[in-house]
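Here is a short note for a colleague new to this entry. Please keep the structure open while reading.

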Amino acid sequence: MQHIAVLTSGGDAPGMNAAIRAVVRTGLYHNMQVSGSVAGYEGLINNEFRDMNSASVGNIIQRGGTILKTARSKRFMTPEGRKQAYENLKARGIEGLVVIGGDGSFRGAEVLATEYPDIRVIGIPGTIDNDLFGTDFTIGYDTAINTVVEAVDNIRDTASSHNRLFFVEVMGRDAGLIALRSGIAVGAEAILIPETQTHVDKLIAQLERGWKRQKSGHVIIVAEGDDAGGAFKIAELVQQKFDKLETKVAILGHIQRGGNPTCMDRVLATRLGYESVEALLAGKNRVMVGQKAGKVEFTPLSQAVKHIMDVNDTILKMAEIMSL
Ligand code: ADP
């Protein structure tokens, strides 16, 4: 294999740049030509590639986002779009493709490699949601939860100065992993997640208790997909029966996607980037490279699908005890 391409696709995540850098430098080490497709699958279809050299990935390991840009490509969902992509890859002599993204991007890679078996594909899990089967952590998740922790620490300063009740909404439409982990780390008074039923009365009883013992400020973390609604909805329900504290809502939104990757994400991205190229050279195809219990593991792309991690009952109990 003499020429490979790398792309970032779907939702961006901090650490994607570190992964691009690792793919490029490992490819160059093996005397391969490395091209970067601009804006994910769109670049393959538009024939928009960048020649990557060592300097082109210099000074990016610490930067969030992706220097190669990312996109959602409707055209790649069609056989005509993928045919165009294949022809462009073929004309350049590209035989291997590294796709950094989430499960949608992996479905695209799987379809391409099935239709055109002379292109080999490897997936690298890059998404802040940590919701992929085949890896303990996805690139970007650690940074996202640390961003939440930093933001909520700031919110708590003002919450306790004014004795306010804050509802802070964090990402997690289907899963409460970000809420649960960051909620534990910020010492949240309650953590509301889709996996457990939210009882507004129980929440109010808890707030009453805290108020009686003159707790200074309350912070409740709400996953956006909580069964009782988002932070605005729950705040409204609580306010109807509990008006002793001034109530505020903060939606963290897109700040959770950006920012400089943490050490953990940079190292994970470097490791998986390196392993993806080694895997291509070893003849692997249609697999995602992940890390499980500290070891590198490969999972067929067809199985590297959205996977909602089970919420551990002991962790839930622990979080509740800490907020008493
Ligand atoms: P993520 O990778 O973050 O899950 P998306 O679900 O938006 O993001 O997928 C990214 C892109 O992958 C899509 O815009 C599309 O181009 C491609 N893709 C997703 N599913 C398929 C599919 N079944 N066939 C072909 N391409 C797909």
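1. Basis. This is a predicted model: local features need pLDDT of at least 70, side-chain atom pairs count only at pLDDT 80 or more, and totals for chains, interfaces and linings use all residues. Residues are numbered from 1 along each chain as its sequence is written, and side-chain values use heavy atoms, without hydrogens and water.

2. Overall form. The protein has 10 helices and 11 strands (DSSP runs, H or I of at least four residues for helices, E of at least two for strands, numbered from the N terminus). Its C-alpha atoms fill a box of roughly 70 × 35 × 35 Å along the principal axes.

3. Ligand shell. Arg72, Ser73, Gly102, Gly104 and Ser105 come nearest among the 16 residues around the ligand (near means a heavy atom within 4 Å). Helix H4, residues 103-115, gives the largest share of this shell, 6 residues.

4. Polar contacts. These are pairs of N or O atoms within 3.5 Å. A backbone N or O atom of Ser73 is 2.6 Å from a ligand oxygen atom. For Gly104 the distance from a backbone N or O atom to a ligand oxygen is 3.0 Å. For Gly11 the corresponding distance is 3.2 Å.

5. Cover. On its own, the ligand has 560 Å² of accessible area, and the protein covers 81% of that (Shrake-Rupley method, 1.4 Å probe).

How values were computed. A polar contact is a pair of N or O atoms within 3.5 Å; within protein, one must be able to donate a hydrogen and the other to accept it, and residues adjacent in sequence count only if both atoms are side-chain atoms.
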